Amino acid sequence: MSAAMRAGMDAIVARGAEGGVSRLSAGNYGGKLGPFHFHLRRILGGEAAA
């Protein structure tokens with residue numbers, strides 16, 4: 001799942017502002033979508049989740 005999320009985010013970033021992308025964000029629904037947590041910064045290779 002993380003690899004698929006990474007590929008999708010990479011594709012969006014590659015489009016850039018010229019492609020109409022102004023920002024990329026994530027929703028937080030208080031755990032109501034299930035027990036799974038995907039830490040976007042960790043997936044993208046940034047800072048580790050606490």
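The legends below describe close-up views of a predicted model.

Local features are reported at pLDDT of at least 70 and side-chain atom pairs at pLDDT 80 or more, whereas totals for chains, interfaces and linings use all residues. Residue numbers start from 1 along each chain as its sequence is written, and side-chain values use heavy atoms, with hydrogens and water left out.

**Figure 1. Overall fold and dimensions of the chain.** The secondary structure consists of 2 helices and 0 strands; helices (H or I, at least four residues) and strands (E, at least two) are DSSP runs, numbered from the N terminus. Along the principal axes, the C-alpha atoms fill a box of roughly 35 × 20 × 20 Å.

**Figure 2. Surface and burial.** The chain exposes about 4400 Å², of which carbon and sulfur atoms supply 56%; accessible areas come from the Shrake-Rupley method with a 1.4 Å probe, and for residues only the protein chains shown count as cover. Of the 50 residues, 6% are buried. Buried denotes under 20% relative accessible area, exposed over 50%, and partly exposed the range in between (1.4 Å probe, protein chains only).

Figure 3. The structure holds 1 salt bridge, defined as a side-chain nitrogen of Lys or Arg within 4 Å of a carboxyl oxygen of Asp or Glu. The side chains of Arg6 and Asp10 form this contact, with an N to O distance of 3.1 Å. Both residues belong to helix α1 (residues 2-15) and are 4 residues apart, about one turn of the helix. Asp10 is partly exposed at 37% relative accessible area, and Arg6 is likewise partly exposed, at 32%. Side chains of opposite charge can pair when their charged atoms come close.

Figure 4. On a 1 Å grid over the protein atoms alone, a pocket is an open set of points where a 1.4 Å probe fits, with protein on both sides within 12 Å along at least five of seven lines; lining residues have an atom within 4 Å of a point. The lining comprises 15 residues, with Gly27, Asn28, Phe36, His37 and Phe38 nearest the centre. By class, 8 lining residues are nonpolar, 7 are polar and none is charged. Ala, Val, Leu, Ile, Met, Phe, Trp, Tyr, Cys and Pro count as nonpolar, Asp, Glu, Lys and Arg as charged, and the others, Gly among them, as polar.

Figure 5. Phe36 is placed in the loop between α1 and α2 (40-43). Its relative accessibility of 63% classes Phe36 as exposed. Phe36 and Ala14 are separated by 22 residues in sequence and by 27 Å in space, C-alpha to C-alpha.

Figure 6. Leu24 lies in the loop between α1 and α2 and is partly exposed, at 43% relative accessibility. The C-alpha atoms of Leu24 and Met9, 15 residues apart in sequence, are 8.1 Å apart. Ser25 also occupies the loop between α1 and α2 and is exposed, at 60% relative accessibility. Its C-alpha atom lies 17 Å from that of Ala3, 22 residues away along the chain. Gly8, in helix α1, is partly exposed at 33% relative accessible area; Gly8 and Ser25 are 17 residues apart in sequence and 13 Å apart, C-alpha to C-alpha.
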